[in-house]
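Reader: Could you walk me through this model, starting with its backbone and then moving on to how it packs?

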Amino acid sequence: MQAVINGYIATLIVMNRLKNANFNKLSSFLLKKECLIAIYLLLAIVAGFKQYHHHTYNNYLIFKYVYWHTVDLQNLYNNYPEYQDSNHYGPVFSIFIAPFALLPDGLGCILWNIANVLILLLGIYSLPISLNKRAVIAWICAHEALTALFSFQFNIALTGLILLSFSYLVKKKEVQSAFFIAFGTLVKLYGIVGLAFFFFTRNKFKFIAGCFMAFLVLFVLPMAISSPAFVVQSYADWYHSLAHKNDLNASLTSFQDISLMGMVRRTTGNINLPNAPFLLVGLVLFGLPYLRINQYKHIGFRLMLLASTLIFTVIFSSGSESPTYIIAFAGVAIWFMVQQNPKKSWVIALFAFAFILTSLSPTDIFPRPVKEFIRLYSLKALPCVIIWLTIIYQMMKEDFESYLITDK
C-alpha cells in the first residue's frame, strides 16, 4: 500500500513538473518578439481585408485622397463625394500616405494597417524596459490596436511615434527624437506631447535645434508634390478645420468627445460646458511631478511620465473617440508594468477595471444597451482618468530609485 501511495505521489510530482514545464514553454513562446510581430501582422491583415471586403474603409479613402488632393492642389479639408467626410490631418501626411495611395485600395488598406502596427511595435520595443515587459505591453495593447485597425487609424502609428520620441531622448539621440515629435505634430497635433520629455535631455540646445530643423524640413516637404502657396494655405485651412471639428465634438450624440470633459458634459447634459477649466486644472496636475527634479534620473519616474503623457493626450481631448484609446491604453500598459512586483491587489484591480471598461466595452462581450450606455456617457474614459490621477499621485509621493525596471 505504501508503495502505491509513494508511486501516486511521485506521479503527481512528475505531472506537476510537466505541467509547469509546458506552461513555461507556452509563456516563453508568447513573449517572443517574433510571436508578437506575427500576431500584430495577422490582426492588421485580417482587419484590413475584412473592412475592404465589406466596403467599410471610408477612413482609408480620406487618407488616400490627401495625397491626390495635394497633387491636384485641391483644398484638403473640404467634404468630397469620394468619402462624404473631411480630412483633419496636416499637409505632410500627403507624403506619408503616398506609397499606399498609389496602390489598389485592397492592397493599400492592408499595407497601411501593417505599416501602422510595425511603427507601434517599433515604439514598444524601443522602450528602456526589460524585453519580457515590452512583450507584455504589446499584448495588453493588442485589443485596442485591433479596434483602431478596423478604422484604419493613424493613432496606432502615432502611439509608436510618441514612444520613439521618448526612447530616443532617453538614449541621448536628440535629433531622432525631435524628428518623431515634429512628424507626429505636423500630421496630427497630438504628437506635440513629445515635448513633455524635454527636461530629460542634458543636451537641450541640440534637441531644440533638432526640433527646429525637423519642423522646417517637414513643413517644406509637401511642397515637392504641390506648391509653397498651397502648403501655406493648407496649414491655415487645417487650423479652421480643427476649430470647427472641436465645436462638433461636444454634441451629446457624437461618437467623439470620449474624454473627461465629455463625461461631465454628457452626464450633466450641459453641452456648452467649456474645455478650458478642465485643461487648466489638468495641465497644473500634469506639471506637478516636474517639481521632483531629484527623480528625473530614475527610469521608473521617466516611464511614469510617459504613461501620464499618453493618457493625458486622450482624456483631455474633445476629439477622442474609441479608436483613439490605443494611445491612452499604451499609457495604462506602461503604468501597469512599471509597478513593483508583486503587484498590489488594488493595482491589479484597477488595471482589470480599465481593461474591461476601456478596452472591451466596444465588443460583443457587452450587451448592446450596455455598450450604448457606456458610449453615450463617454464612460470608456473613466478608468483612464482614475489611472492618470493615480499616476500623478505616485509620481509625487514615491521614490523611484528602488523600482526594478529592467529585470528579466
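This is a predicted model: local features need pLDDT of at least 70, side-chain atom pairs count only at pLDDT 80 or more; totals for chains, interfaces and linings use all residues.

Reader: Is aspartate 257 buried or exposed?

Author: Its phi is positive, about 60 degrees, although aspartate 257 is not a glycine. Buried means under 20% relative accessible area, exposed over 50% and partly exposed in between, with a 1.4 Å probe and protein chains only. The relative accessible area of aspartate 257 is 0%, so this residue is buried.

Reader: How does leucine 73 count by relative accessibility?

Author: Leucine 73 lies in the loop between helix H3 (58–71) and helix H4 (93–101). Its phi is also positive, near 60 degrees. Leucine 73 has a relative accessibility of 46%, so it counts as partly exposed.

Reader: Which residues does a cis peptide bond join?

Author: Most peptide bonds are trans. Here is a cis one, with omega about -5 degrees. Proline 342 has its place in the loop between H14 and H15, and the bond joins asparagine 341 and proline 342.

Reader: Why are H6 and H15 described as roughly parallel?

Author: Angles run from 0 to 180 degrees between N-to-C directions, with axes fitted as lines to C-alpha atoms over the stretch in contact. Under 35 degrees counts as roughly parallel, over 145 as roughly antiparallel, 65 to 115 as roughly perpendicular and the rest as oblique. Helix H6 (residues 131–149) and helix H15 (residues 345–359) have axes 11 Å apart and pack at an angle of about 20 degrees, and are therefore roughly parallel.

Reader: Which residues of H6 and H15 make the contact?

Author: Contact means heavy atoms within 4.5 Å. On H15, the contact is made by Phe351, Phe355, Thr358 and Ser359. On H6, the residues are Ile140, His143 and Glu144.

Reader: Which residues does tryptophan 112 touch?

Author: Residues up to four places away in sequence are not counted here. The residues touched by tryptophan 112 are Tyr60, Phe63, Phe93, Phe96, Ile97, Phe100, Phe152 and Phe154.

Note on methods:
Residues are numbered from 1 along each chain as its sequence is written. Side-chain values use heavy atoms; hydrogens and water are left out. Helices (H or I, at least four residues) and strands (E, at least two) are DSSP runs, numbered from the N terminus.
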